[in-house]
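Open the model in your viewer and keep the sequence beside it. This tour tells you what to select at each stop.

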Amino acid sequence: DEYIYLPMSGFAESFNLGAATAITCAHLSAASNKDGQGPLRPGDLTEREHKTLQLKGAMNSVNRKTARALFKKEGVVFPKEIPL
């Protein structure tokens, strides 16, 4: 386990979990660079795995029936990992 300190200003007594996580991730991201130096390291996903996760996220952000119709109209063929 690790402990971290998030300084607060103003009248806040504490951050909720979402706010604390966002602040920590923003700090880690800002302290890292594209060469893999810093607290965040590049992942080991293949390009296909990365694109599949992005597509799943997009699909989950809209109504599935609407998404299916839009993608079908554009001629998008889904990988078998994404059931429609």
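At what angle do the axes of helix α2 and helix α3 cross? Select residues 47-60 for α2 and residues 64-73 for α3. Their axes cross at roughly 125 degrees and come within 9 Å. Axes here are lines fitted to C-alpha atoms, for helices over the stretch in contact, and angles run from 0 to 180 degrees between N-to-C directions. α2 and α3 are therefore oblique to each other. (Under 35 degrees is roughly parallel, over 145 roughly antiparallel, 65 to 115 roughly perpendicular, and the rest oblique.)

Before moving on, note that this is a predicted model: local features need pLDDT of at least 70, side-chain atom pairs count only at pLDDT 80 or more, and totals for chains, interfaces and linings use all residues. Residues are numbered from 1 along each chain as its sequence is written, and side-chain values use heavy atoms, leaving out hydrogens and water.

Next, show the side chains where α2 and α3 touch. Pick L55, M59 and N60 on α2, then R64, A67 and F71 on α3. These make the contact, meaning heavy atoms within 4.5 Å.

Now zoom out to the protein chain. Colour by secondary structure: there are three helices and zero strands. (Both are DSSP runs, numbered from the N terminus: helices are H or I, at least four residues; strands are E, at least two.) The pattern along the sequence is α-α-α.

Along its principal axes the trace spans about 50 × 35 × 25 Å.

Last, colour by burial. Buried residues (under 20% relative accessible area, 1.4 Å probe, protein chains only) make up 12% of the 84 residues.

Key. Buried < 20%, exposed > 50% of the residue type's maximum accessible area, 1.4 Å probe, protein only.
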